[in-house]
Amino acid sequence: MSNPVYGTILNYRIGTGTQNPKECLIKFAHVKSASLAGQLINRKVVWKQGYRKLVGKIAGVHGKKGVVKVKFQKGVPGQALGTTVELVD
């Protein structure tokens, strides 16, 4: 069985005057370029904290340094920023 892959939630996806808590920007440690990040599209990530578990899907690449956009089913709470998520199948 392979080792789990973890990433860090950087921030919500924001625009001028808007903030969407269902969409987050996530950086994975082993991903350094947009081409590697593009290979992760349509894979799922899970954020866990205690009994809470939020599942999201990687929707696309954000920029050129390997950051990805993830759409979650429900809004991600503010205390999740800076915490880790796990990449699952």
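Let me begin with a definition: a residue is buried at under 20% relative accessible area, exposed at over 50%, and partly exposed in between, with a 1.4 Å probe and protein chains only. Lys22 has 42% relative accessibility, so this residue counts as partly exposed.

The model is predicted: local features need pLDDT of at least 70, side-chain atom pairs count only at pLDDT 80 or more, and totals for chains, interfaces and linings use all residues. Residues are numbered from 1 along each chain as its sequence is written, and side-chain values use heavy atoms, with hydrogens and water left out.

Lys22 lies in strand β2; strands are DSSP runs of E, at least two residues long, numbered from the N terminus. With contact meaning heavy atoms within 4.5 Å, Lys22 touches Val70, Lys71, Phe72, Gln73, Lys74 and Gly75, leaving aside residues up to four places away in sequence. Between the C-alpha atoms of Lys22 and Gln73, which are 51 residues apart along the chain, the separation is 6.8 Å.

Now the fold. Six strands close into a barrel in the order β1-β2-β5-β4-β3-β6, with antiparallel pairing; two strands pair if DSSP finds at least two bridges between them. Strands β4 and β5 are joined by six bridges, and Ile58 stands opposite Val70 in β5.

Which residues touch the most other members of the largest nonpolar core? They are Ile26, Phe28, Val45, Ile58 and Phe72, from a core of 19 residues. Such a core is a set of buried Ala, Val, Leu, Ile, Met, Phe, Trp, Tyr and Cys residues joined through side-chain atoms within 4.5 Å.

Technical notes. Helix = DSSP H or I, 4+ residues; strand = E, 2+ residues; numbered from the N terminus.
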